[in-house]
Amino acid sequence: MPTLLVGFITFAVVIRFAALFVSIRNEKRMKANGAVEYCAGTSTLLALTHIVFYLVAIAEGIWRDAPVSTVTYFGIALYAFAMLALVWVISVLGRFWTVKVIVAPDHQLVKNRLFNAIRHPNYFVNIIPELIGFALALQAWGTLIVGLPVYLVILFLRIRQEEGAMREHFPAY
């Protein structure tokens with residue numbers, strides 16, 4: 001496997017663990033202050049599917065001996081855009097950002113332009129481009145064709161459940 005792809009995979013894993021660290025820290029603090037978690041089973045399934053997507057894409061990239069090409073660079077650029085979106089979403093949501101659906105007693109509804117225009121920017125501007133970019137960078141076509149639709153089914157279930165939790169806690173939602 002080319003050094004560029006090894007470096008890309010390493011970067012992707014490190015940034016995902018860093019985001020997970022932020023999520024766990026925020027979750028612990030919120031739950032200690034009385035926050036409530038919703039759709040825990042779906043959140044676990046989504047997290048496992050995310051991990052499996054990464055592992056299968058990496059295995060497919062190794063198995064295919066993915067060359068570095070224009071597709072690779074496009075995938076890396078799309079992934080970089082997705083990670084910038086993740087950093088932005090984390091900064092906007094601040095102490096309320098987690099990979100789970102958790103509503104704190106002092107939770108505030110975010111009402112900025114992007115959150116008003118795109119109901120779930122973390123999913124549509126971060127996660128979906130992230131997975132597509134990751135698979136393209138590794139030229140993991142099978143993972144993209146099979147894994148992405150499976151992931152999307154679970155993601156849309158999660159969105160539906162999250163919408164219910166948001167409507168329950170935020171009448172203005």
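This is a predicted model: local features need pLDDT of at least 70, side-chain atom pairs count only at pLDDT 80 or more; totals for chains, interfaces and linings use all residues.
Local features need pLDDT of at least 70 and side-chain atom pairs count only at pLDDT 80 or more, while totals for chains, interfaces and linings use all residues. Residues are numbered from 1 along each chain as its sequence is written, and side-chain values use heavy atoms, without hydrogens and water.

Helix α2 covers residues 40–64. Its 25 residues should span 36 Å at 1.5 Å a residue, and its end C-alpha atoms are 36 Å apart, which agrees; the expected span is 1.5 Å times one less than the number of residues. Buried residues (under 20% relative accessible area, 1.4 Å probe, protein chains only) of α2 include Leu 46, Phe 53, Tyr 54, Glu 60 and Gly 61. Their cover includes α1, β1, α3, β2, α5 and α6. Just after α2, Asp 65 takes a positive phi of about 55°.

Helices α2 and α6 pack at about 170°, with axes 10 Å apart. They are therefore roughly antiparallel (angles over 145 degrees). Contact (heavy atoms within 4.5 Å) involves, among others, Leu 46, Phe 53 and Arg 64 of α2 and Trp 141, Tyr 151 and Arg 158 of α6. By class, this contact has eleven nonpolar, eight polar and three charged residues.

Helix α1 (residues 3–32) packs against α5 (residues 121–137) at about 155°, with axes 11 Å apart. This pair is therefore roughly antiparallel as well. Leu 5, Phe 8, Ala 12 and Arg 16 of α1 meet Asn 126, Ile 127, Glu 130, Phe 134 and Ala 137 of α5. Six nonpolar, one polar and two charged residues make up the contact.

Note on methods
Axes are lines fitted to C-alpha atoms, for helices over the stretch in contact, and angles run from 0 to 180 degrees between N-to-C directions. Helices (H or I, at least four residues) and strands (E, at least two) are DSSP runs, numbered from the N terminus. Angles under 35 degrees count as roughly parallel, over 145 as roughly antiparallel, 65 to 115 as roughly perpendicular and the rest as oblique. Ala, Val, Leu, Ile, Met, Phe, Trp, Tyr, Cys and Pro count as nonpolar, Asp, Glu, Lys and Arg as charged, and the others, Gly among them, as polar. Buried means under 20% relative accessible area, exposed over 50%, partly exposed in between (1.4 Å probe, protein chains only).
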